[in-house]
Amino acid sequence: MSKIDDQLFSSHEHALEKEYELCPKCGSELSVRHSKHGGFIGCNSYPVCDYTRPLVQHESIETQVIPGSECPECGHELAVKSGRFGIFIGCTNYPDCKHIEKHDQEEPEDQIACPSCNTGKIEHRTNRFGKGFYACSGYPKCKFLVNYPPVAEACPECDFGILVERKGAAGSRLECPKKTCKYKRAI
């Protein structure tokens with residue numbers, strides 16, 4: 001154990017935390033910085049120069065146009081794109097047309113009508129953390145949502161348009177999603 005150099009462990013800066021590159025904006029040295037969102041590479045003359053870049057360069061997919069495809073809304077071609085929720089198919093005329101293809105979900109034959117607005121349909125969605133919920137298809141106008149799978153059956157007590165299916169230790173049961181109604185029934 002006497003062959004280990006103690007100077008390696010007493011230095012203030014770790015050898016891997018030093019990036020020997022020059023800033024493309026001002027020519028200063030770059031180094032690894034840390035924030036609440038993780039590590040990044042930033043310029044050492046920070047208040048004067050605000051150059052930063054990610055520490056890890058993620059491999060991004062180039063937009064690949066699908067030949068022979070057509071956007072149903074504007075007529076432009078569709079393309080395979082990469083976004084914050086993963087890979088999706090969207091219109092190449094993006095800022096003007098916001099059409100996105102839903103490829104994972106098949107349309108169920110018996111969609112449940114929204115009990116709040118009666119114009120939209122209840123559809124399964126996923127939030128940014130990956131948790132699923134059920135919301136109205138007419139979202140900006142109608143903000144109705146439930147966290148459990150809806151069932152197309154009216155509540156016998158309060159006559160609300162749907163019930164939700166909840167699973168617990170005692171088994172599955174149907175409940176009314178209205179907070180004021182306490183209706184529950186075992187399946």
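Mentor: A nonpolar core is a set of buried Ala, Val, Leu, Ile, Met, Phe, Trp, Tyr and Cys residues joined through side-chain atoms within 4.5 Å. Keep in mind that this is a predicted model. Its largest nonpolar core has 17 residues, and Phe144, Cys155 and Cys176 are those that touch the most other members.

Take cysteine 155 next. Apart from its neighbours within four places in sequence, cysteine 155 is in contact with Phe160, Leu163, Cys176, Cys181 and Tyr183. Away from this core there is a second, separate one of six residues, with Cys23, Leu30, Cys43 and Cys49 among them.

Now turn to the rings. The count of aromatic pairs comes to one. The partners are phenylalanine 144 and phenylalanine 160, and their pair is tilted, with 6.2 Å centre to centre and 50° between the planes. Phenylalanine 144 lies in the loop between β10 (132-136) and β11 (145-146), while phenylalanine 160 lies in the loop between β12 (150-151) and β13 (163-168), so the pair ties together parts that are 16 residues apart in sequence. Phenylalanine 144 and phenylalanine 160 are both buried.

Two lysines also belong with the rings. Lysine 143 lies over the face of tyrosine 139, at 5.6 Å from the ring centre. Lysine 98 lies over the face of tyrosine 94, and there the distance from the ring centre is 5.5 Å.

Key. Residues are numbered from 1 along each chain as its sequence is written. This is a predicted model: local features need pLDDT of at least 70, side-chain atom pairs count only at pLDDT 80 or more; totals for chains, interfaces and linings use all residues. Side-chain values use heavy atoms; hydrogens and water are left out. Rings of Phe, Tyr and Trp (its six-membered ring) pair if their centres lie within 6.5 Å; planes under 30 degrees apart count as stacked, over 60 as edge-to-face and the rest as tilted. Helices (H or I, at least four residues) and strands (E, at least two) are DSSP runs, numbered from the N terminus. Buried means under 20% relative accessible area, exposed over 50%, partly exposed in between (1.4 Å probe, protein chains only). A charge sits over a ring if NZ of Lys or CZ of Arg is within 6 Å of the ring centre and within 35 degrees of the ring normal. Contact means heavy atoms within 4.5 Å.
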